[in-house]
Each structure stands twice: as C-alpha cells, then as structure tokens.
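Here is a short tour for a first-time reader. Keep the structure open beside the text.

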Amino acid sequence: MRFYPVSLDALLVELANLDETLVLFDSLQHEPIVGVSEIIPAARTLLVHFCPLTLSREALAARIASRQLHGQTRTAGKLVEIAVHYNGEDLEEVARALDISVEEVIRRHTGSDYNVAFCGFAPGFAYLSGGAEFVVPRRSTPRTRIPAGAVALAGGFSGVYPQASPGGWQIIGITEQKMWDLQREQPALLQPGYRVRFHDAGPLPAARVSVAVATPQATAPAVGQALEIVSPGLQTLLQDLGRPGLAGQGVSASGAMDRGALRAANQAVGNAAASACLEILMGGLKLICHGQAVVAVTGATAALQVRTADGQLLQPQLYMPFALHDGDQLSIDAPTAGLRNYLAIRGGFDHAPVLGSLSTDTLAQVGPAPLAAGTRLGFRQRSGGAAVSLSEQAAFAMPRADQVITLDVLMGPRSDWFTPHAQTLLAEQLWQVTPQSNRIGIRLAGAQPLARAIDGELPSEGTSVGAIQVPPSGQPVLFLADHPLTGGYPVIGVVAPYHLDLAGQIPVNAHIRFNPLGTFEPVCPALSDEIQQR
C-alpha cells in the first residue's frame, strides 16, 4: 500500500491490484474514518477526500494502512441483466486480438457474471471486472463519438456507454437498456458492488436501436414574477455549490467556478450562502424583470446598467444589492478583468433541483439547461429574514488577459512519471491559457512540453478539481469544476484549494505560473503516537 499527495485535502492510495482496491474500499465504506468526505475507487487506487482540520494526511494514511486486505471477499451484490445486440464495429478485431472466433467472444462475454468495480468517466458509466476476463487494448485512435448503449472492452474491463461521447474502448455490441435515467429513484442502473450478466439479444433489428439519454433539464416557463432572458451572452448557467457525494453514480460535484463570488452575491441579497445564482461567462447578459426584486452581481470586473421602465439609466455597483422594478432591464457588459459574474436574487430562483442541486454540469449533462433568449426564470419573494449586506467585496484582484497569474501547486500524485527537467519546467515556464478552455478545464500551451519519465498507460484513477493532467502532447490541462471523476493520464500536480476560485476567473490568453509548495514526496503514515496527538 502506497500513499501519494493530492492537493491539501485529498490522498491517493495505491494498491497492488483491483481486488485489494475493492476490499479496502468496502472496508472504508463499512467502517468510515471520521473526517473522510468521499472516496473514488479506480483500477488500483482510491482517491480519498478528507477534512484537513479533522486529521492530517499522515494520520489518515496510518489509519488506512491498518486495514486488513487479505482473507476478505466482497459480498455478491444485486444482479442486473443486460441484453446486448452483438454487432459492434470492433467485434471482429477483438476476436482476432484474442485469437478466438466472434462466436466465442459472445459466448464468453455472456457466460459468467461481471462485477461493478467502480464508476467514473460519465454518470452511470460502470467499470465491470471479472466475467470473461478479456484483456484488450484501447483503440490507437479514439473515436470522436461512441453511441449511447455501446457495450465495449478496454484493458481488463467491460462497460456500457450511458450517453454518446468520445472514447477509445473497443465496441462489441449495443444495448437498449438505459444506464442513466434521472426519472429513476437511483439514476445509475449500476452501482459499485453490483453484478452484471450479459445476454445475447440476437441480430440488430431493422430499425436501428436508439437509446434515450438524459439531457439537461429545460427551464419551465415561469408564470408571474420572473427574470426574462433577452440575451444570455456567451453562456449563462444556474450554479450553486454543486452535488458532492455522488461519486458512486459517476457524478462529480460540479458547482460554481468562483465559489467565493457566488457566496458573496447571495450574502449581499440576504440569501443562504449556498443558494443558486446565475453564472455569466464573459458578460453579454441582458434580462427584463417582471415583478419586484433585489439582486446583486459579483465576480469579474464588469459594468452594470439598468434601464428603468421610464427610460432612466442607472449604473449599480458590483458586490452591492440593488432593486429591480417591473419592466427594468439589466445588462452586464463584457468584463475588463476576470471571466465570470454571479447574479443572486433575494429569495432565490424557483426551479426544481436535479440530484439535490441546481448546478449545471456541462460535461455530464446533469442539471438545468443553459439559459436561452426568451427563458423566463421564476424567483421567490422573501419578506423578513436576513438583511442585505453592504460589505461584500472580491476576495482577490480579478486577473486580466495581459497578466501572469501565479497558482500554488502541491506536486503529485504522479510527479514521478515525469523527468526531473519536466518537474522543474512546470514551475519555471509560463503557460498560456488557450481558447479551448471551459468549465471542464483550462487547456494550457507552453513553449516546451512536459516529457514523461515513465511510458505506457496509467490505469484509470480518480481525479480532483485542480488536477494538472498531462496528455501525451505534454501540454497540461488544469481540471476545473466539471472535470471527469476518473482519468487515464498522469497528474503532475494539483492547484491548492485556496487558488481554485482564482483559476476559475483566468481569461483566455493570460499566462499562468505554477508555484510548487514543495518537492514531490510520497506520504509516510504517521506513527501511532502522532495519531493520538492529532
């Protein structure tokens, strides 16, 4: 058992194999450690999120190291049967790679139970182990689109794609069964510990199989008091503090990119700090108020303008509450610094949550749909309760496109997969933010790519917000709020939690300098007396 640092509030536990990983995961689920908030299992690792105010990383490692891994077996879970049309584009290629016939591939794939080892990549996507125990490589060139319902193989795993997405797994068939359905009490059909048995459903029908998949929830037209969107700008989303704790269903937390700005907007109008706001990317939002409202706008440095129903022009200040009357039109200009603004309305928005949150996850397509022109977003009236706040302010100076922004980084968990020169280069070289950046991550470009010291494929493992993942190009991607739960490229370092809001405000073409908080070192479990002292 080895331990590696992941930011200041997470620990990566590496095991010898999948069996040990699952035994340890079950142990930590059945006998939780106080201070651990979430665990993301993967092929040979557990990503453990914890509260550093409750226990240190070294104390956590010691308590995990004391768990027994041998002599235990996983209890067989619920059996889910899945019918498959074995007509996949890669079926013949898989048969050749395994040196068996297509018929034998189907016979073995349907011949024994698979186990849901862990979930990740996308909501409802389960990594299935055991079964036929096929080991096949990923495709050398990933497809840009694999259809929903595709049954596929990669490494030692089988899986079913819950929605259309890019991917490099080998497709052997397709199923009509829905892996992810928000109308179910438990949206993910498969959960860690479940068993899966595939059945041959025969040839594909003449009418091609179509699997209905979840899409972001449309905003129902509001009746009565509402904010009517005239123009949403580049992108306007509902966001709150996200939906943590759903990693077992393959759902990441998502949430506001600048959480401090969201909290400040809510506090300015007297809402609970975690209430949903509008997250406005690069300005351009125009809306009309139907009814009476108190709102506040925080975040990026941008000019606000209110055109009243009788034609007056007002210029409210950022971070200050102001009134909107019936017929008033509010517009937010493109920011001169920063990237995202947050609009809160006293009483909150009247919208049904999705999995307990109003956040829109743009990667997983979970949550309300992006706002569009003509959308009427209802809000609740509130009388009494907390007063508005006149003392809110930005937590940091908003970054500009012509600046170099420094982000503190904790090295690891896979710094040792890179050459010493690459580890030095990460800190010494400036990295430019490219236009391909979004809520999933900031794509960076540097004069010199980061060279690997270890070649080969890294088994999928949990990733955290702030992770600096390095694909084969050597040009890093800094994961942000909508990042995937698991990834297959090594993470050289993770941005410190206190700089994540700043990262979410960095505009395109700005440069980032990474400031390592120390050299990379595996985590050593604390001695027993150190645990007691904590």
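Which residues does Asn271 touch, not counting residues up to four places away in sequence? Asn271 touches Asn266, Ile345, Arg346, Gly347, Gly348 and Arg382. Contact means heavy atoms within 4.5 Å. Asn271 lies in the loop between α5 and β16. Asn271 is buried, at a relative accessible area of 9%. Buried means under 20% relative accessible area, exposed over 50%, and partly exposed in between, with a 1.4 Å probe and protein chains only.

This is a predicted model, in which local features need pLDDT of at least 70 and side-chain atom pairs count only at pLDDT 80 or more, while totals for chains, interfaces and linings use all residues. Residues are numbered from 1 along each chain as its sequence is written, and side-chain values use heavy atoms, with hydrogens and water left out.

**A five-stranded sheet**

Helices (H or I, at least four residues) and strands (E, at least two) are DSSP runs, numbered from the N terminus. Five strands form an open sheet in the order β15-β16-β23-β18-β21, with antiparallel pairing. Two strands pair if DSSP finds at least two bridges between them. The edges are β15 (235-239) and β21 (322-324), and each of these pairs on one side only. On average, neighbouring strands of this sheet are turned by 30° against each other, direction ignored.

Inside the sheet, β18 (residues 293-301) and β23 (residues 337-345) pair in the antiparallel sense over six bridges. Ala296 stands opposite Ala344 in β23. Helix α5 (residues 259-269) packs on the sheet and touches β15, β16 (277-281), β18 and β23. The direction of α5 makes about 155° with that of β18. Axes here are lines fitted to C-alpha atoms, for helices over the stretch in contact, and angles run from 0 to 180 degrees between N-to-C directions.

**The start of the chain**

Strand β1 (residues 2-6) has four of its five residues buried, so β1 is largely enclosed by the rest of the structure. Five bridges join β1 to β2 (residues 10-14), and the two run antiparallel. Tyr4 has Leu12 in β2 as its bridge partner. The hairpin of β1 and β2 has three residues between the strands. There, Ser7 takes a positive phi near 55°.

**Salt bridges**

How many salt bridges does a search of the whole structure find? The search finds 16. A salt bridge is a side-chain nitrogen of Lys or Arg within 4 Å of a carboxyl oxygen of Asp or Glu.

| Pair | N to O distance |
|---|---|
| Arg108 and Glu104 | 2.9 Å |
| Asp113 and Arg195 | 3.3 Å |
| Asp181 and Lys178 | 3.5 Å |

Arg108 and Glu104 are four residues apart in helix α4 (residues 102-109), so about one helical turn separates them. An α-helix has 3.6 residues a turn, so residues three or four places apart point the same way. Arg108 is partly exposed, at 35% relative accessible area.

Asp113 forms a salt bridge with Arg195. This pair links distant parts of the chain, 82 residues apart. Asp113 is in the loop between α4 and β6 (114-119), and Arg195 is in strand β13 (residues 195-200). Asp113 is partly exposed, with a relative accessible area of 24%. Arg195 is partly exposed too, at 23%.

**Helix α6 and a glycine**

Which residues of helix α6 (residues 420-428) are buried? They are Ala422, Leu425, Leu426 and Ala427. Their cover includes β25 (404-411), β26 (431-433), β32 (491-495) and β33.

Gly488 lies in the loop between β31 (486-487) and β32. Gly488 is partly exposed, with a relative accessible area of 31%. Not counting residues up to four places away in sequence, Gly488 touches Leu458, Ser460 and Gln469. The C-alpha atoms of Gly488 and Ser252 are separated by 16 Å, and these residues are 236 apart along the chain.
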